[in-house]
Amino acid sequence: MSANSNSLASAWTTSPVGRVAAPLREQVITALREAILDFRLQPGQRLVERELVEQLNVSRTTVREALRELTSEGLIAVVPQRGAVVAAPTPDDARDLYEVRIALESLLVRRFVEKASRPRVHALEAAAERFAEVASEDPVELRKILKAKDHFNHILLEGAGSEVLRQLVEGVQAKVRVLRVKAMSTSHAEATQELRDIVAAIRERDADTAAEVYAKHMRRTAANALENLKETTDQ
């Protein structure tokens, strides 16, 4: 059965959000974001406000605020005549997004080499080693891998010291977040070594090598995502 024709309840089962310290809006955003990134909500799945209100036991206003936030992150798209749906980039869209991301983030790495303080470089090295630690666990937890890579990327953004690049990079990253699970290979050894090689070049203040290795890392990631996306669309 197509996810598009199913009701939300049949595609995704969750409990009402709890009345805990975090605001309800943040709880709803987190629940939906995790369901999308874990592929419990599939690309193209409709997100009907009424069903979300009933399933999560929150107000329609809270649901709308959460959907707006996730739309800004690129995880949800608003489609005429259908409303909110889980974002589903086409292979061509994904290819273009990754090409733009490679160009922007290669420049980001160069700016990091130029501007980052020694403590920032040490923090990036620690982030690479944290990724290595998580990647070597058995079994590997996908959410921890993604969190470790996010931390590495965050340090790059902070150390580059460019608000213009930050806005551009974060905008593109948001649009490809839904592809991150598809971008993951079964072995993380290559990614671990690539991150370590990037840090090693940065320690030497070798911008050319750091950018080159980073671009190689992202091209491999893009190839995984595009191959898996093509398999999905061919089914």
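Select helix 7 (142–160). Helix 7 gives five residues to the lining of the second largest pocket, the most of any contributor. Helices here are DSSP runs of H or I with at least four residues, strands are runs of E with at least two, and both are numbered from the N terminus. A pocket is an open set of points on a 1 Å grid over the protein atoms alone, where a 1.4 Å probe fits, with protein on both sides within 12 Å along at least five of seven lines; lining residues have an atom within 4 Å of a point.

This is a predicted model, where local features need pLDDT of at least 70, side-chain atom pairs count only at pLDDT 80 or more, and totals for chains, interfaces and linings use all residues. Residues are numbered from 1 along each chain as its sequence is written, and side-chain values use heavy atoms, without hydrogens or water.

**Stay at the pocket**

The second largest pocket holds about 210 Å³ of space. Its 13 lining residues include Arg33, Glu34, Leu37, Arg143 and Arg177, the closest to its centre. That volume is the space filled by probe spheres set on the points, with grid points joined across faces, edges and corners.

**Zoom out**

Show the whole protein. It has eleven helices and two strands. From the N terminus, the order is α-α-α-α-β-β-α-α-α-α-α-α-α. Of its 235 residues, 45% are buried. Buried means under 20% relative accessible area, exposed over 50%, and partly exposed in between (1.4 Å probe, protein chains only).

**Along helix 5**

Select residues 91–115. Helix 5 has 25 residues and spans 35 Å from first C-alpha to last, close to the 36 Å expected at 1.5 Å a residue. The expected span is 1.5 Å times one less than the number of residues. Which residues of helix 5 are buried? Among them are Ala94, Leu97, Tyr98, Arg101, Ile102 and Glu105. An α-helix has 3.6 residues a turn, so residues three or four places apart point the same way.

**Check the backbone**

Most residues other than glycine have a negative phi, and most peptide bonds are trans. Go to Asn57, in the loop between helix 3 (49–56) and helix 4 (60–72). Its phi is positive, near 60 degrees. Asn57 is partly exposed, at 48% relative accessible area.

Next, pick Gln81, in the loop between strand 1 (76–79) and strand 2 (83–86). Gln81 is not a glycine, yet has a positive phi of about 75 degrees. Is Gln81 buried or exposed? Gln81 is exposed, with a relative accessible area of 83%.

Move to Pro139, in the loop between helix 6 (118–135) and helix 7. The peptide bond from Asp138 to Pro139 is cis, with omega near 5 degrees.

**Last stop: Glu194**

Find Glu194 in helix 10 (residues 189–203). Glu194 counts as buried, at 6% relative accessibility. What does Glu194 touch? Not counting residues up to four places away in sequence, Glu194 touches Val213, Lys216, His217 and Arg220. Touching is contact, with heavy atoms within 4.5 Å. Finally, pick Met218: Glu194 and Met218 are 24 residues apart in sequence and 9.8 Å apart in space, C-alpha to C-alpha.
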